[in-house]
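Me: I'd like to learn how to read a model like this one. Could you take me through a few features, general idea first and then the case at hand?

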Amino acid sequence: MGLMGCTVNGTLDESKFSEPMPWIGIYVVLASASCAVAMSIDALHAIRYRKFWFPTRFFALNATTLTLIGVSVKLSVDLNTSMPRQHDQLAKLSSTAFLCTAIGNSMPSLGAMPTKELMMNIVALGILVITVIANVCIQLGTGVIYVFLIEHAVIMFLMVVLFGLSISSSLSVPVTKYYFDLKYAKKYEIATKECSGDNENNRDISITRKLRNDLMRYWMMAHTCNPQFVMGRLATCTASGAFCLLSALTFAEAMLRSYLMPSSFEFCEGQSDYKRSTMLILITQAMAIGVGTIAPACRWFVAIKFRCPNSNKNKKCQKNEFSSVENYWVQTLYQLKECPLELRICGHYGRKLVHTTKNRALDLCIVCQKTMVVSSKLVRLVSIFFMSRLLNIHKLFIFKRSNIILHCDGTESEKSKKLDLSRYVMHLEGEEELVDVMMESDRDATSHWIKMGRKSQPKKLVKLLEKVNPSNGFDGVNKFDSDEVPSLDIEEPPNSWALPVVTLTSIAVAISEKTEFDSTKELIKCVYEGLKYIRVVENNLDIKKDLSNIRKAAEIVWVGVDLHHKWLDVNLREMFIEGKSSRDIISELSDIAKNKFKELRKNDVLGCLTDSPSKWPVKVLAANAMYRVCQTLLLGNENRSNERNNNNNKEMLEIITVMIADIIGACLTNLQHAISIKCHQSRNEEREESVNGAILLLGKTEKILEILSCQSHPSSSLEKTACINEWRALNSREKDRGSCESCTVNSSLSDLYLNID
């Protein structure tokens, strides 16, 4: 018997070495399919949201995608596995073309990376590109790749060019980010002043129209300085689209020629160690190349359309194309050149040699960078020359279509044209002629997303808010928690908007009769929709995050109420028994909450209850809230007239419903401020997404804002009315002031009567 891994003769047994190869091929298929899915999701997302520079969100260049790409190009770096048949050789070519597609597709993501991460990803990509090119060249020399030699050479050349364009683009990223951060701060001040000025001068305009105008300004600023959009506008990224398309066409030519003209090739007999998995690899990577080329090709086409919107500007573009290379392309290299090296090398000659070498190397890099930029502009110019007729046909079609759209929906377009957004377009040096083009192309984006938001309006919540009585001024905000209720502890925790709403909903579930439970289910659905917008208000306006623990308590309680009709561990539906009054159920809930509070306080080993009340454990906060709300409802029940039936469950349920509507309505009066705050993100990468979310939110809540704009509420600063505790305090002060004024009026009237007598 031979040793492990050896034959009987003692030589190495190689018979099983190739058995795992088909499984490795399946692994390559899965990696390629993952990349294809990520690229297709990015493309669909861009088309749906009309982001025609095709930002990369799922296929951004990072450690994960680089690993997937490395696995996908396994066949390109396999030096000695025989690939005799037609589909085997095509699979080799598809792996190389796939890498070109991946580089071109992920290029905009370079703009959104921090400088250190950007450098590391570019270096990792460079290592992968060099490895693939070196291995393909070896295979061309050894005969592993014996057909499609010209196609391999073309695709490898395009791969080098695409990698060079990636390096060139990455050198401009730190400078453009810094420039746009400064410019955005100045434009933001202008926009804020103009928005406040419009609000004072145009008091007759509806609140939704004012918000819409404000969001159009913020959107234009955030959109045009979006790092991926800036990268998509660069000449290098535009050129990468053309080269990526050329790579895909080269692969398509080889594939079509091999299947349609098989007589022009002489393929070998035999079978690859990968067996049938090579066919799967070929199909998957061909699909990935096709899907992945959509984004770079569209960026190239849109950039041509942007650069020369009409024939007159086309001539101007041609004249100024090679006049100069903008400063942001080479500023990073000049800064590196001016920065001295801290060397600890002994000797004057050694330091001088290093500095001279560094400067010469950077001078060479500057020349290469300028050459790359000019070459990219040349590609764009040639593309414009050949695509001008196609663009004219496309514009003619768009013009006819726009006339139809304007005829059908002329009012909104006319209104949007009144607002001049050119001042809010953020552009780089050399992009001055694009200001009007970007403004016109993105003017209707706000209207588009508002329409999308309108499709998801909370209809049940709107019905609930219509129950709010305009004359009461959200009276339920003061009524849910009475000062007459004795405290369970020395201090009382502050309230959030969500916790009393969730607590009142729990009580409503407990007192609902089985025959009337359908109406309670509708209330739960209304509260579910309302809590989504309460979270928006609290997340954006609770700057100090003092109420984070109380908000967490509301979230935990709500999950139990919504999904299981339970408050903590108490089954609310089991509390209702036929003949049992609402007062008895609320009293029982109050006792349960009180006992729960005492139990948790007794088991407080860590001493959490000695901290500030806002930092109490979430169950303690929930128990305290339930106790106080139940006691308040019981007090209100006692104070009502004896002529009315105090034990009527329907009446109590209606009172609770109105209270919930008042609290949600009062909270959502802050929605306008929350939408404005949502736009003001500090990080450049998050601005556009935040403004986009704010526009969608406006579309969803237009009806709510119109309803609440008719309601009266405390006249004070936005910061104070954003907090429920401040709202209650302001309401109390205004009521006290009103009662004092009425007392003064009554006393003056009595004096008048006395004088008459």
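Predicted model: local features only at pLDDT ≥ 70, side-chain atom pairs only at ≥ 80, totals over all residues.

Me: How many helices and strands does the protein chain have?
Reply: Helices (H or I, at least four residues) and strands (E, at least two) are DSSP runs, numbered from the N terminus. Here the protein chain has 29 helices and 2 strands.

Me: What share of the protein chain counts as buried?
Reply: Buried means under 20% relative accessible area, exposed over 50%, and partly exposed in between (1.4 Å probe, protein chains only). Of the 757 residues, 49% count as buried. Helix H4 is mostly covered, with 20 of its 21 residues buried.

Me: How does the span of helix H4 fit its 21 residues?
Reply: The expected span is 1.5 Å times one less than the number of residues. For H4 (residues 86-106) that should be 30 Å, and the end C-alpha atoms are 30 Å apart, which agrees.

Me: At what angle do H21 and H22 pack?
Reply: Axes are lines fitted to C-alpha atoms, for helices over the stretch in contact, and angles run from 0 to 180 degrees between N-to-C directions. Helix H21 (residues 517-541) and helix H22 (residues 548-564) pack at about 165°, with axes 12 Å apart. That makes H21 roughly antiparallel to H22 (under 35 degrees is roughly parallel, over 145 roughly antiparallel, 65 to 115 roughly perpendicular, the rest oblique). Residues making the contact (heavy atoms within 4.5 Å) include Leu531 and Arg535 of H21 and Trp558 of H22.

Me: Is His223 buried or exposed?
Reply: His223 sits in helix H7 (residues 207-224) and is buried, because its relative accessible area is 1%. Beyond neighbours within four places in sequence, His223 touches Trp53, Phe229, Asp442 and Glu688.

Me: And Arg601, where is its place?
Reply: Arg601 lies in helix H23 (residues 582-602) and, at 42% relative accessible area, is partly exposed.

Me: How many disulfides does the count come to?
Reply: A disulfide is a covalent bond between the sulfur atoms of two cysteines. With the cut-off for a pair of cysteine sulfur atoms at within 2.5 Å, the count comes to 0. As for cysteines, Cys237 is buried at 1%, while Cys339 is partly exposed at 43%.

Notes
Residues numbered from 1 in each chain as written. Heavy atoms only, no water.
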